[in-house]
Amino acid sequence: MMAAVAAAGNGHETELFEKNEKLGKKLFITGKGRCNITNAADIEEFFPAVTSNPKFLYSAFYSFTNEQVIELFNRLGVETKTERGGRVFPVSDHSSDVIQALKQEMERLGVRIRLHSEVKELLLNEDKTKAAGLLLTSGQKIYGDAVIVATGGISYPSTGSTGDGYRFARGSGHQVTDLLPSLVPMEVKEWYAGELMGLSLRNIEIRITDGKKKLYQEFGEMLFTHYGVTGPVILSASSIVGKRLKSNELTLHIDLKPALTEEQLDKRILREFEANHNRQFKNSTDRLFPAKLRPVMVELSGIPEDKKVNEITKEERLRFVRLIKDFPMTLTGLRGYNEAIITKGGVSVRNIDPGTMGSKRVHGLYFAGEVLDLDAVTGGYNLQIAWSTGYLAGMNAGNQ
């Protein structure tokens, strides 16, 4: 949609082909239906948030910045607000407002929107050096001077993201890198994941290690599920450790009290124990943990649950402190594409001109968005990649 707006705004006759019955099905579910449009951070801060090929995005991000995205949507009638972590949302909290704004702008610019129009393959000239148009599954051929592929990845396939763009890319001689679900929950081995299902933890810090090597560390929120873990810090972690997790298990370390050093935490627990000195250990942790977490922490501590608090040894107490500062779980794998916010991997950026989003192999063919080997952590960065690359492709398509 952004590519179509840019191309039509640049004076080109533009047609958009959408295989679904309506526009923006993937956009509709982003940000839990609220649409995290972009991030309010300085544009320079976007590059560290991009986990695949950040340098490729310099031209795109600077050609159409986050500030310009916000200005555009404001001009189209979508008021925005900034929440924690710089996340930018519509004031209405409705992703449908973003879709409607783009639809109305396309209509204003004369874009012909073709719903229920599934593309079967790209049409190229005889020696496959130039894009000539599209072949629809209906058998109809559509000819044009330029083609932009902006089909998304293969995450949430129910929205229509079924990997068509990768097929088009391979069929026209482009390399597609290995694909993985990303920004996706992770599965764990331990029995207590199920016991903790539904428990949300705030203000915790996670570390993920492969043996002694630290792969990821982040402060924030997470959630336990029947199969493992999810939530903002876990989803972002998946984009960093996903490839490693394909080949071997990793260890998730959760610091339940990151604001306290071990010494400070020990003093806090001593105070709790002194206040409950005649009670059983299992009844002395009420103020330390949420209800669901208490029995698990008691079990993992190795301290008998019915032991009187005043009988707990210093060694047992310090072991309990270390457990709170390093609550371990074994990560065994990623969940599937049905639960992944984005797809990691895609059309190799080596085949694409970063200044135009044009193919280096096929003249007049452009790629934009998630179909490319570009992805970032959560926070609005992935949609900014979509807006910026879509805009750049739209501005350059048809100019040859």
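**Entry 1: the whole chain**

I began with burial: of the 400 residues in the chain, 52% count as buried. I note here that the model is predicted. Next I looked up the extent of the chain. Its C-alpha atoms fill a box of roughly 85 × 45 × 35 Å, taken along the principal axes. I then went through the secondary structure and found 13 helices and 20 strands.

**Entry 2: helix α12**

I picked α12, which covers residues 314–325. How far does this helix reach from its first C-alpha to its last? For its 12 residues I found 17 Å, close to the 16 Å expected at 1.5 Å a residue.

Which residues of α12 are buried? I listed E316, R317, F320, V321, L323, I324 and K325. I kept a general point beside that list: an α-helix has 3.6 residues a turn, so residues three or four places apart point the same way.

I also asked what covers the buried residues of α12. Two helices are included, α10 (262–275) and α11 (293–301). The strands β16 (250–255) and β17 (327–334) are also part of the cover. I took the two helices in turn.

**Entry 3: α10 against α12**

At what angle do α10 and α12 pack? I found about 120°, with the axes 10 Å apart. That angle makes α10 oblique to α12. I noted the hand as well: α10 passes α12 in a right-handed crossing.

Then I looked up who makes the contact. From α10 come E262, L265, D266, I269, L270 and F273. From α12 come R317, L318, F320, V321, R322, I324 and K325. Sorted by class, the residues of this contact are 8 nonpolar and 5 charged, with no polar ones.

**Entry 4: α11 against α12**

I did likewise for α11. Its axis comes within 10 Å of the axis of α12, and the two cross at roughly 130°. That makes α11 oblique to α12. The crossing of α11 and α12 is right-handed.

Which residues meet here? On the α11 side I wrote down M297, L300 and S301. On the α12 side I wrote down R319, F320, L323 and I324. This contact divides into 5 nonpolar residues, 1 polar and 1 charged. F320 and I324 are both on my buried list.

**Entry 5: the loop between α10 and α11**

I stopped at P290, which lies in the loop between α10 and α11. Is P290 buried or partly exposed? P290 is partly exposed, because its relative accessible area is 33% and buried means under 20%. Leaving aside neighbours within four places in sequence, I found P290 in contact with L199 and L201. P290 and L199 are 91 residues apart in sequence, yet their C-alpha atoms are 8.3 Å apart in space.

**Entry 6: helix α7**

I finished with α7, residues 164–171. Its buried residues are D164, G165, Y166, F168 and A169. What covers them? The cover includes four strands: β7 (119–124), β10 (147–149), β18 (342–344) and β19 (365–367). I also checked what follows α7 and came to G173, whose phi is positive, near 85°.

Technical notes. Residues numbered from 1 in each chain as written. Predicted model: local features only at pLDDT ≥ 70, side-chain atom pairs only at ≥ 80, totals over all residues. Heavy atoms only, no water. Expected span 1.5 Å × (residues − 1). Buried < 20%, exposed > 50% of the residue type's maximum accessible area, 1.4 Å probe, protein only. Contact = heavy atoms within 4.5 Å. Axes fitted to C-alpha atoms, helices over the stretch in contact; angles between N-to-C directions. Parallel < 35°, antiparallel > 145°, perpendicular 65-115°, else oblique. Left-handed = near helix turned anticlockwise from the far one by under 90°. Nonpolar A, V, L, I, M, F, W, Y, C, P; charged D, E, K, R; others polar.
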